[in-house]
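Colleague: Before going through the assignments, could you put the model on screen? I would like each term set against its cut-off.

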Amino acid sequence: MAEPKNEEFLDDIDDAEAEAFAEEMAEIDDEALELEQIRAERDEYKDRFMRALADAENARKRSDRDRREAENYGGSKLSRDILPVYDNMKRAIETVTDEQKEANAALIEGIELTMRELLSVFKKHGIEVIAPEVGDRFDPKLHQAMFEAPLPDTRAGDIIQVAAEGFMLHDRLLRPAQVGVSSTPAG
């Protein structure tokens with residue numbers, strides 16, 4: 001009979017070991033679950049961090065682009081408003097006769113110097129004159145057709161008259177050149 005007691009004692013040890021093993025496994029499972037949650041949280045923070053970095057980089061690029069555009073094109077309204085001054089000065093210089101040049105040489109020279117200075121300021125600020133010539137091809141990106149007329153010995157789309165010069169501010173059109181364009185000659 002002593003043997004059955006021995007087996008019961010061994011069964012109690014096996015049960016105790018199984019219970020301890022189950023508790024350890026439960027702790028390991030809890031730790032694994034907690035570790036998995038921490039990893040998920042870490043991944044979420046990493047994703048948020050990477051998105052914040054990308055947003056910051058995009059904002060920096062956008063602000064650089066906006067700053068460059070403000071530098072290059074911020075004065076476009078003023079530039080557009082000063083173009084009639086150029087037109088009037090150019091007309092004044094073109095209408096001066098030789099007699100007037102002789103009689104008012106200093107005045108005419110002053111106007112011409114002012115015109116050169118205006119062109120120098122235009123160049124300094126990236127304003128370029130679009131000066132098409134009679135016979136050039138009409139370019140709708142640079143020219144505005146004021147009228148169209150058939151003219152012998154021309155091709156359709158040739159410039160036949162220049163009414164006003166145009167202007168570019170860096171790579172943007174401030175004002176198109178105003179021109180007359182040849183239509184297909186009749187007959």
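Colleague: Which residue stands opposite Gln-178 in β6?

Modeller: Ala-164. This is a predicted model, so local features need pLDDT of at least 70 and side-chain atom pairs count only at pLDDT 80 or more, while totals for chains, interfaces and linings use all residues. Residues are numbered from 1 along each chain as its sequence is written, and side-chain values use heavy atoms, with hydrogens and water left out.

Colleague: What makes β3 and β6 a pair?

Modeller: Two strands (E runs in DSSP, at least two residues) pair if DSSP finds at least two bridges between them. Strand β3 (residues 159–164) and β6 have four, in the antiparallel sense, so they qualify under that rule. One further position there is Ile-159 opposite Val-181.

Colleague: How do you know that β2 pairs with β6?

Modeller: Strand β2 (residues 143–150) and β6 share seven bridges in the parallel sense. Ala-145 stands opposite Val-179.

Colleague: Why are β2 and β3 called edges?

Modeller: The open sheet has the order β2-β6-β3, with mixed pairing. Each of β2 and β3 has a single partner strand, so one side of each lacks a neighbour in the sheet.

Colleague: Why is β6 said to be largely enclosed?

Modeller: Buried means under 20% relative accessible area (1.4 Å probe, protein chains only). Six of the seven residues of β6 (residues 177–183) are buried, so the rest of the structure largely encloses this strand.

Colleague: Which residues is Phe-122 in contact with, leaving aside its neighbours within four places in sequence?

Modeller: With contact meaning heavy atoms within 4.5 Å, Phe-122 touches Ile-82, Leu-83, Tyr-86, Ile-127 and Phe-167.

Methods:
Buried < 20%, exposed > 50% of the residue type's maximum accessible area, 1.4 Å probe, protein only.
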